[in-house]
Amino acid sequence: YDTAEVERLYVRPPYRGQGISRLLLAGVEDLARRRGFAVVRLAAADLRVAGLYVSRGYVRIAPFGRRAAPSVCFEKALPATGGPSR
């Protein structure tokens, strides 16, 4: 498979607004890239968090897999690096 899926990204309310979500997402992307994945996909609970994903280069896509229509789904192509190390 060439697609990684972010199942959940959660920051407790007292720690929100400090850039932690961006750091976590960047870390997940880096790990996926190093493991040889070409694409990262995720589903957002609602459009309130869409800004984070769009600002990181994600584009909105149709619901995928077992996602229901109300889900807001995104994906991002990862730049290629060295060979896969899965």
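User: What average pLDDT does the protein chain have, and what share of the residues score at least 70?
Analyst: The protein chain of this predicted model averages a pLDDT of 87, and 90% of the residues score at least 70. Among the elements, the mean is lowest in helix 2, at 90, and highest in helix 1 (residues 20-34), at 95.

User: How many aromatic pairs does a search of the whole structure find?
Analyst: The search finds two aromatic pairs. One of them joins Tyr 53 and Tyr 58, with 6.0 Å centre to centre and 65 degrees between the planes.

User: Why is the pair of Tyr 53 and Tyr 58 called edge-to-face?
Analyst: Centres must lie within 6.5 Å for rings to pair, and planes over 60 degrees apart count as edge-to-face. The values for Tyr 53 and Tyr 58 are 6.0 Å and 65 degrees, so the pair is edge-to-face.

User: Why is the pair of Tyr 53 and Phe 74 called tilted?
Analyst: The ring centres of Tyr 53 and Phe 74 are 5.7 Å apart and the planes are at 45 degrees. Stacked needs an angle under 30 degrees and edge-to-face one over 60, so this pair is tilted.

User: What makes this a link between distant parts of the chain?
Analyst: Tyr 53 is in helix 2 (residues 50-55) and Phe 74 in strand 4 (residues 72-77), 21 residues apart. Ring pairs join Tyr 53, Tyr 58 and Phe 74 into a cluster.

User: How do you know whether Tyr 53, Tyr 58 and Phe 74 are buried or exposed?
Analyst: Buried means under 20% relative accessible area. Tyr 53 has 8%, so Tyr 53 is buried. Tyr 58, at 3%, is buried, and Phe 74, at 2%, is buried as well.

User: What makes the link between Glu 29 and Tyr 58 a polar contact?
Analyst: The side chains of Glu 29 and Tyr 58 make the contact at 2.9 Å, and the cut-off is 3.5 Å. Glu 29 is found in helix 1 and has a relative accessible area of 1%, so Glu 29 is buried. Not counting residues up to four places away in sequence, Glu 29 touches Arg 56, Tyr 58, Lys 76 and Leu 78.

User: Why is the charged end of Arg 41 said to sit over the ring of Phe 64?
Analyst: The charged end of Arg 41 is 5.4 Å from the centre of the Phe 64 ring, and the distance has to be within 6 Å.

How values were computed: Residues numbered from 1 in each chain as written. Predicted model: local features only at pLDDT ≥ 70, side-chain atom pairs only at ≥ 80, totals over all residues. Heavy atoms only, no water. Buried < 20%, exposed > 50% of the residue type's maximum accessible area, 1.4 Å probe, protein only. Helix = DSSP H or I, 4+ residues; strand = E, 2+ residues; numbered from the N terminus. Lys NZ or Arg CZ within 6 Å of the ring centre and 35° of its normal. pLDDT = per-residue confidence, 0-100. Polar contact = N/O pair within 3.5 Å; in protein donor to acceptor, adjacent residues only side chain to side chain. Contact = heavy atoms within 4.5 Å.
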